[in-house]
Amino acid sequence: MNQALKVSITEGFKNTALGFLRIRKNLNITHFSDVETEGYLKETLLSTPLDDIETKGKNHYFKCVSKNAILTVNSHSFTIITAKEINKTPRVKNS
């Protein structure tokens, strides 16, 4: 991974409305709109240090500690396949 590829992924990534919904749920940012989610994902991709980006097979894994997120990006389509928290935030159960 190099800086130019990282910027290309950031500028070219895509997702569907359902994909954004799943990402918001997984990252515990459910109050964000699609536009806010896209901005958050761009910030996450850009703030991930090159040393914390791993390429395995057809995917790039962006581990951004400052955003507590791991994003899996398809290396061919630049689609964000999955997003998850590094350290799971405990969910509060409603009684």
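Start by selecting F78, which sits in the loop between β3 and β4 (helices, H or I with at least four residues, and strands, E with at least two, are DSSP runs numbered from the N terminus). F78 has a positive phi of about 60° although it is not a glycine. Most residues other than glycine have a negative phi. F78 counts as buried because its relative accessibility is 18%; buried means under 20% relative accessible area, exposed over 50%, and partly exposed in between, with a 1.4 Å probe and protein chains only.

Before moving on, a word about what is on your screen: this is a predicted model, where local features need pLDDT of at least 70 and side-chain atom pairs count only at pLDDT 80 or more, while totals for chains, interfaces and linings use all residues. Residues are numbered from 1 along each chain as its sequence is written, and side-chain values use heavy atoms, with hydrogens and water left out.

Now select N68, in the loop between β2 (59–64) and β3. N68 also is not a glycine, and has a positive phi of about 55°.

Step along to A69, in strand β3. Is A69 buried or exposed? With 0% relative accessibility, A69 counts as buried. Show its surroundings: setting aside neighbours within four places in sequence, A69 is in contact (heavy atoms within 4.5 Å) with L27, T44, F62, K63, C64, K84, E85 and I86.

Pick E85 from that list. E85 counts as buried, with 9% relative accessibility. Beyond its neighbours within four places in sequence, E85 is in contact with N26, L27, N28, N68 and A69.

Next, colour the largest nonpolar core, which has 17 residues. Such a core is a set of buried Ala, Val, Leu, Ile, Met, Phe, Trp, Tyr and Cys residues joined through side-chain atoms within 4.5 Å. The residues with the most contacts inside this core are L27, L41, L45, F62, L71 and I80. At least two core residues come from each of α2 (17–27), α3 (34–47), β3 (69–74) and β4 (80–85). In soluble globular proteins, nonpolar side chains tend to be buried together.

Which residues does L45 touch, leaving aside its neighbours within four places in sequence? They are K6, I9, T10, F13, F62, L71 and V73.

Turn to the helix pair α2 and α3. Their axes come within 10 Å and cross at roughly 65°; axes are lines fitted to C-alpha atoms, for helices over the stretch in contact, with angles from 0 to 180 degrees between N-to-C directions. Select A17, F20, I23, R24 and L27 of α2 together with D34, T37, E38, Y40 and L41 of α3 to see the residues that make the contact.

T48 counts as buried at 0% relative accessibility. Apart from neighbours within four places in sequence, T48 is in contact with K6, I53, F62, K63 and C64.

Finally, zoom out. The chain has 3 helices and 4 strands, running α-α-α-β-β-β-β from the N terminus on. Its C-alpha atoms fill a box of roughly 50 × 25 × 20 Å along the principal axes. Buried residues make up 34% of the 95 residues.
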